[in-house]
Amino acid sequence: MKTKYITVEEMAEIASVAPNTIYRILRADQDKPETSRRIPGAFKRGSKYRGEWRIPHDTALKWKRDERGRKSVRRRTIR
């Protein structure tokens, strides 16, 4: 059976997040081993700079946003 691949925009629509969220995850994980990536099986086709990401459809359906939300930012006080 052949794996169906989708684009970042399609995955963002499925997951109800902004495409930029998916791009950030993919860029952060691209140098990690395949087993520790948050979106396993994704790869970049084309140029290093202008290439297009491809994501397995099954992975996109299983992916869930991190429930912890954003990390809190520690604010510095100016004295």
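Predicted model: local features only at pLDDT ≥ 70, side-chain atom pairs only at ≥ 80, totals over all residues.
1. Ser 16 sits in the loop that links α1 and α2. Ser 16 is not a glycine, yet its phi is positive, at about 60°. Most residues other than glycine have a negative phi. The relative accessibility of Ser 16 is 61%, so the residue counts as exposed, the cut-off being over 50%.

2. The overall layout comes next. The protein chain holds 3 helices and 3 strands. Followed along the sequence, these elements come in the order β-α-α-β-β-α.

3. On burial and surface, 23% of the 79 residues of the protein chain count as buried. The chain exposes about 7,100 Å², and 48% of that area is supplied by carbon and sulfur atoms.

4. Thr 7 is a residue to look at from several sides. Thr 7 belongs to the loop between β1, residues 5-6, and α1, residues 8-15. Is Thr 7 buried or exposed? Its relative accessible area is 16%, which is under 20%, and therefore Thr 7 is buried. Leaving aside residues up to four places away in sequence, Thr 7 touches Glu 52, Trp 53, Arg 54 and Ile 55.

5. The surface carries a patch of positive charge, where Arg 24, Arg 27, Lys 44 and Lys 48 gather. With a relative accessibility of 46%, Arg 27 falls between the 20% and 50% cut-offs and so counts as partly exposed.

6. Asp 66 is found in the segment that follows α3, the helix of residues 57-62. The relative accessibility of Asp 66 is 42%, so this residue counts as partly exposed. How far apart in space are Asp 66 and Arg 38, C-alpha to C-alpha? The distance is 10.0 Å, while along the sequence Asp 66 and Arg 38 are 28 residues apart.

7. Thr 7, in the loop between β1 and α1, is buried at 16%. Ser 16, in the loop between α1 and α2, is exposed at 61%.

Methods
Residues numbered from 1 in each chain as written. Heavy atoms only, no water. Patch = residues over 30% accessible without salt bridge, like charges linked within 9 Å, V, L, I, M, F, W, Y side chains within 5 Å. Areas by Shrake-Rupley, 256 points an atom, 1.4 Å probe, with all protein chains shown as cover. Salt bridge = Lys/Arg side-chain N within 4 Å of Asp/Glu carboxyl O. Lys, Arg positive; Asp, Glu negative; His and termini not counted. Charge placed at Lys NZ, Arg CZ, Asp CG, Glu CD. Buried < 20%, exposed > 50% of the residue type's maximum accessible area, 1.4 Å probe, protein only. Helix = DSSP H or I, 4+ residues; strand = E, 2+ residues; numbered from the N terminus. Contact = heavy atoms within 4.5 Å.
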